[in-house]
Amino acid sequence: MKRVEKEDILKYRFLSAVKYAPRGEAAAFVVSNANKEDNSYEGDIWVYEKGKVRQLTALHKERSFYWEDEENILFPAARSEREKKQAKEAPFGVTNFYRINIHGGEAKKAFSLPISVADYKEVDKDTLLLLGEIDVNYPDYYKLPVKEQDKIAKTVKEEKDYEVFTESPFWFNGAGVVNGKRQAMFLYKRKSGKLTRISAPTMDVGSPVIIDKKIFFIGSDFETIRPMSGDIYCYDLGSGKTEKLKEAGSFCLYQLVDAKGKLWVIGSPCDKHGLNQNALFYTLENGRLVERFDPKDSLYNSVGSDCRLGGGDQEQMADRYYYVSTRRNAANLYALTGDFKETPVIEKEGGVDCFSVKEDGSEILLVGMFDMKLQELYRLDGKKGLKQITHFNDAILKNRYVAQPEKLTVMSEGVDIDGWVLKPMDFDEKKKYPAIFDVHGGPKTVYGEVFYHEMQYWASEGYFVFFCNPTGSDGRGDEFADIRGKYGTIDYKNLMDFMDGVLKKYPQIDEKRVGETGGSYGGFMTNWIVGHTNRFACAATQRSISNWVSFYGISDIGPDFSMDQTGGDIEENIEKMWEHSPLKYASNVKTPVLFIHSDEDYRCPMSQGIQFYTALAQRGVPVRMCLFHGENHELSRSGKPTHRLRRLTEITNWMEKYLK
């Protein structure tokens with residue numbers, strides 16, 4: 001049996017964006033893979049029809065698409081040299097749409113738009129509703145005379161060497177500086193080519209739905225501080241007037257749903273458990289949000305893996321409203337009727353990454369990670385159950401050692417903590433082995449029984465690997481997930497108790513050769529762990545937080561997050577924020593620590609890692625930092641292929657040095 005190798009990540013195929021055609025006679029999805037030579041990712045559109053799959057596009061640049069009708073697909077692309085130059089030089093973006101028939105023929109230019117389009121919906125046969133980016137300083141740049149556009153473009157180019165901030169947050173992870181940028185709403189007439197912005201120039205728009213010739217949407221209209229949530233608005237397609245229907249206040253409004261002509265609102269009051277409180281379903285009645293259904297758990301897939309690329313729908317209205325929800329340790333599919341009765345559609349260990357439902361609900365296509373396999377396309381119907389349709393990744397895992405997760409539940413602080421252990425390749429119960437303890441991010445995410453490349457690689461390299469879901473994790477309701485003001489207390493105790501349980505059950509693990517790692521919240525916890533125990537031989541902290549005080553105001557999450565999570569206040573209770581900061585305990589650290597960070601990480605900016613690195617270096621602790629240029633918070637999941645390999649090499653070499 002062969003080992004899982006580091007470079008295998010370059011051979012995996014990643015599936016995303018599955019979507020049925022309007023009548024459900026065919027479906028399309030995107031298949032992506034790494035290209036090591038270009039140090040990038042390729043993507044192509046594939047079609048599923050009459051039980052078979054086939055590749056539709058082959059230029060390797062397609063990442064998204066829209067069904068125009070039952071046979072034609074629209075997708076954004078820059079195919080000609082002129083279009084590529086235009087896309088590079090346009091100061092505020094341009095989008096060229098191509099049309100391709102799924103039954104043959106070359107892709108042909110459909111239309112071009114002078115904005116960067118993020119999404120669109122069809123209003124009628126001639127009208128499209130678009131979401132596209134604008135700059136508040138030049139909201140109608142697209143319709144100015146050419147001379148005026150050239151003048152503005154020259155000004156923008158001259159200012160590339162510096163930034164002016166007038167808003168907060170002023171940047172966003174993966175998007176760079178977003179100061180002055182808004183996602184605006186447009187109407188586009190196909191026949192005339194007329195494009196009209198219909199949202200205010202300072203408003204950020206999301207989640208539009210079209211009901212009875214009205215567009216309902218969530219909008220955040222601001223000039224300086226971006227609010228945590230937008231308000232509910234209605235744009236009348238007949239009169240062209242916009243009306244505010246509901247001001248969010250302390251509510252966090254996430255999504256609007258067209259429930260067969262009725263408006264549903266998904267949001268959270270954020271009153272009992274802060275910014276991470278789970279969402280509920282509401283109806284809007286006479287300006288009031290009326291609670292209709294509490295799903296108890298999050299409405300998305302939060303099961304971690306480093307073997308996904310691209311997104312896709314995790315909710316859809318068909319015969320019922322379908323949605324993904326993370327419950328305990330798996331992300332499954334559920335349906336909600338018009339009278340708010342929930343039914344499980346599929347409940348299986350693993351995760352549903354995205355899906356599409358036929359309008360009558362008779363069949364569902366989904367991209368999932370089940371049975372310790374990589375992503376594949378599955379079909380689900382009431383008669384035949386779940387069937388795997390594609391086999392893109394079968395060959396790469398054939399005859400490879402894929403460690404099967406052995407579940408272990410331990411009691412800690414009065415709660416049962418779920419976790420798993422992966423045994424090393426060629427395990428011999430008479431031998432002693434090193435081990436790696438991996439802590440997930442979030443903290444409101446989970447580990448589950450899905451394929452995780454780095455963990456499988458370490459198991460193939462001869463390590464025990466173990467991981468768990470401490471208090472603060474997702475999938476078990478608000479009370480369990482709420483660790484505001486408790487960071488580094490009950491969650492730390494859960495992790496240490498789980499480790500004790502692992503060492504007791506698996507005496508083959510050498511207690512003196514255990515390393516620890518984690519990213520984001522897992523990076524925070526790594527920093528916290530080394531300041532509170534010396535039981536680990538080494539640690540690798542990734543994209544971490546070390547100082548809640550200096551974290552205030554520099555993260556794209558917003559200035560309220562650090563205070564919400566710590567229970568402190570930058571003005572009145574800064575001591576509470578410092579109490580939960582790993583940097584405070586740097587003098588206790590004896591454990592050798594590797595730091596992994598990225599200079600474009602705006603979620604946990606690199607200053608957080610640098611501060612802790614410097615504090616340990618000053619105290620003579622063995623340290624090493626690997627800082628990645630041009631990468632962000634998603635380095636381990638969607639960073640450049642060679643950077644992902646280097647990251648894994650750095651961590652593995654650090655473990656080798658101190659554990660083997």
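This is a predicted model: local features need pLDDT of at least 70, side-chain atom pairs count only at pLDDT 80 or more; totals for chains, interfaces and linings use all residues.
**Notebook: cysteines, cores and a covered helix**

I began with disulfides (pairs of cysteine sulfur atoms within 2.5 Å), and the structure holds 0 of them. Residues are numbered from 1 along each chain as its sequence is written, and side-chain values use heavy atoms, with hydrogens and water left out.

For Cys354, which is in no disulfide, the nearest cysteine sulfur belongs to Cys307, 15 Å away. Cys354 has 1% relative accessibility, so it counts as buried (under 20% relative accessible area; exposed is over 50%, partly exposed in between; 1.4 Å probe, protein chains only). Cys468 is in no disulfide either, and its nearest cysteine sulfur, in Cys538, is 18 Å away. Cys468 is buried too, because its relative accessibility is 2%.

Then I turned to nonpolar cores (sets of buried Ala, Val, Leu, Ile, Met, Phe, Trp, Tyr and Cys residues joined through side-chain atoms within 4.5 Å). The largest has 63 residues, and Cys307 and Trp458 are among those with the most contacts inside it. Helix 13 (residues 641-659) gives this core its largest share, 6 residues. Helices here are DSSP runs of H or I, at least four residues, numbered from the N terminus. Apart from this core lies another of 39 residues, including Phe466 and Ile545.

Which residues does Trp458 touch? I found Tyr463, Leu648 and Ile651 among them, leaving out residues up to four places away in sequence; contact means heavy atoms within 4.5 Å.

Last, I checked helix 7 (residues 521-530): 10 of its 10 residues are buried, Trp528 being one of them.

Methods:
Helices (H or I, at least four residues) and strands (E, at least two) are DSSP runs, numbered from the N terminus.
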